[in-house]
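Morning, everyone. I have one structure to go through today, so let me put it on the screen.

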Amino acid sequence: MTQPAAAWTALEAAARKDGATRIVDHFKAEPDRLERLVVDACGLRLDLSKQPWSRAGLAAALALAGAAGVEAARERMFSGQAINVTEGRAVLHMALRAPDGAAFHAEGRPVSRGVETVRARIYAFAEAVRSGEIRGATGKAFRTIVHIGIGGSDLGPRLVWRALKPLEPAIDLRFVGNVDPADVAQALAGLDPETTLVVAVSKTFTTQETMANAFAARTWLREALGPKADGHLAAASTNLPACAAFGIAADRVFGFEDWVGGRYSVMSAVGLSCAIALGRVAFEDLLAGAAAMDDHFRAAPLATNAPVMLALAHVFNRNGLGRPMRVVEPYAERLGLLANYLQQLEMESNGKRVTLGGEPVGRATAAAVFGNAGTNDQHAFFQMLHQGADIIPVDFVAVARSAEGPPRQQTILLANAIAQAEALMTGKANAAEPHRDFPGDRPSSFILMDQLTPHALGALIALYEHKVFVEGVLWDIDSFDQWGVELGKSLAGKVLAELEGGEPDAHDPSTAALIRRLRE
Ligand code: F6P
């Protein structure tokens, strides 16, 4: 078998060669290009034919996946080995969405029954809140949930709610993430404490921002409702003692285990607020979509494996062609938070520069990812995509059919998505007027789903989760730790003590001056 180092060299050489040919010319040279580079999986169609690889370039990328041991690594993950080596943990978010009766093990310990027990409790609680069987302290049904959490305890539920929220929800959902007091103030503004359920979500239940916001919301409830206010609290966490210490009744605490990474946790108890506000059926469909993608990822050969192919397209651009940024652009207003979600999933997972063994990776890792929703961004940053000095690959995500709004507007939306991808690739030469010259040859992937159903969203989330995993294997990094966030957290604690009048500590002159200024 080729060693990864040799396979990397071959990939880089192939990409250099392919980079000298325009993507449109690859189509001319490869009559079967479309059928080789369109992958269907779990209701999603991935068109990777507008990527810069030739047949030989793709072969080099697939050879790299083989040499890096993607298939064996995938099996280590699914079989519950502690592949998060720096934290000594298994990585098993797939167990969360496997149907009842699955048999996942974390480091040899069976976990699926435990997942099913919590899932059943979540559904029972969700249905009881929705039906009004569980009510607030004054006997009124809950009408609003305030979901408090940050990072992985926020971005996934926010994405899911915005994507699937009914036009007129029976139970509304508001989010508080930032410790900025304006965030919790705005979330609570206009709400009736008697009909508000506060769900505190934190894997650790120690995160500074979440604890401050949960404290503020609890105070708001207690001021209005007195001691009975605690019946308006629920939590999702791995830290059950801390939830109890906060005053949340045991039957309102929904646990999960440390083999669920924060940014992979939306289908655990972290999704509780969504399960309540969307209802059991939608939440089950979300899980089923992700489970279908898990099965596809585990079984499909590399060349027709959607997450693998998406990862290889990224690595081809990032490492083969030196492209440091990428855009994820859903042409679906409801998916407008996808890039925000992926910023944590991709950049917290793969924004690393040492290998599993602690050596320098020696090559580029995760690209910076951004995007909102088309068509709005066509009138914001797309100028740079078409004519900027950097080539920024794009993932277009589009939905064929929409059940809401004037039907023709959906057709207009789709026309724009397709036209942008075409324009980026083909360009339009104008030698006489350089300002009006479109160089083209700018790559994109096109992901198409039929309708934005919970099932399709679940499949899309799992597609990106496994893409990130494959990239981590290729780069030989730990995609499941996040040590890079720790230094800032601990310094914030020190600075806070000083801002609150504590003894000044040693700082660089700039930091010391800022602290002095705020203590004046
Ligand atoms: O930003 C660091 C981080 O640990 C993320 O990985 C995590 O999703 C977030 O903080 C929130 O953590 P918790 O769920 O423990 O509050």
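Does Asp476 count as buried, partly exposed or exposed? This is a predicted model, and in it Asp476 has a relative accessibility of 36%, so Asp476 counts as partly exposed. The cut-offs are under 20% for buried and over 50% for exposed. Asp476 sits in the loop that runs from helix H18 (454-475) to helix H19 (486-499). Its phi is positive, near 60°, and the residue is not a glycine.

Asp441 also has a positive phi, about 60°, and is not a glycine either. Asp441 belongs to the loop between helix H17 (407-426) and strand E13 (444-451). Its relative accessibility is 17%, so Asp441 counts as buried.

One more backbone item. The peptide bond from Gly374 to Thr375 is cis, with omega near 15°. Thr375 is in the loop between strand E11 (368-370) and helix H16 (382-387). For background, most residues other than glycine have a negative phi, and most peptide bonds are trans.

Now the ligand. Where does the ligand sit? The space it takes is the largest pocket. There are 14 residues around the ligand, and those that come nearest are Gly152, Ser153, Ser202, Thr204 and Thr207. By type, the shell holds 9 polar, 3 charged and 2 nonpolar residues.

A ligand oxygen lies 2.7 Å from a polar backbone atom of Gly152, and for Glu348 the distance from a ligand oxygen to a side-chain N or O atom is 2.7 Å. The ligand alone exposes 400 Å², of which the protein buries 87%.

How values were computed: Residues numbered from 1 in each chain as written. Predicted model: local features only at pLDDT ≥ 70, side-chain atom pairs only at ≥ 80, totals over all residues. Heavy atoms only, no water. Near = heavy atom within 4 Å. Polar contact = N/O pair within 3.5 Å; in protein donor to acceptor, adjacent residues only side chain to side chain. Areas by Shrake-Rupley, 256 points an atom, 1.4 Å probe, with all protein chains shown as cover. 1 Å grid on protein atoms, 1.4 Å probe; cavity = no way out; pocket = protein on both sides within 12 Å on 5 of 7 lines; lining within 4 Å. Sits in = over half its atoms within 2 Å of the grid points. Nonpolar A, V, L, I, M, F, W, Y, C, P; charged D, E, K, R; others polar. Helix = DSSP H or I, 4+ residues; strand = E, 2+ residues; numbered from the N terminus. Buried < 20%, exposed > 50% of the residue type's maximum accessible area, 1.4 Å probe, protein only.
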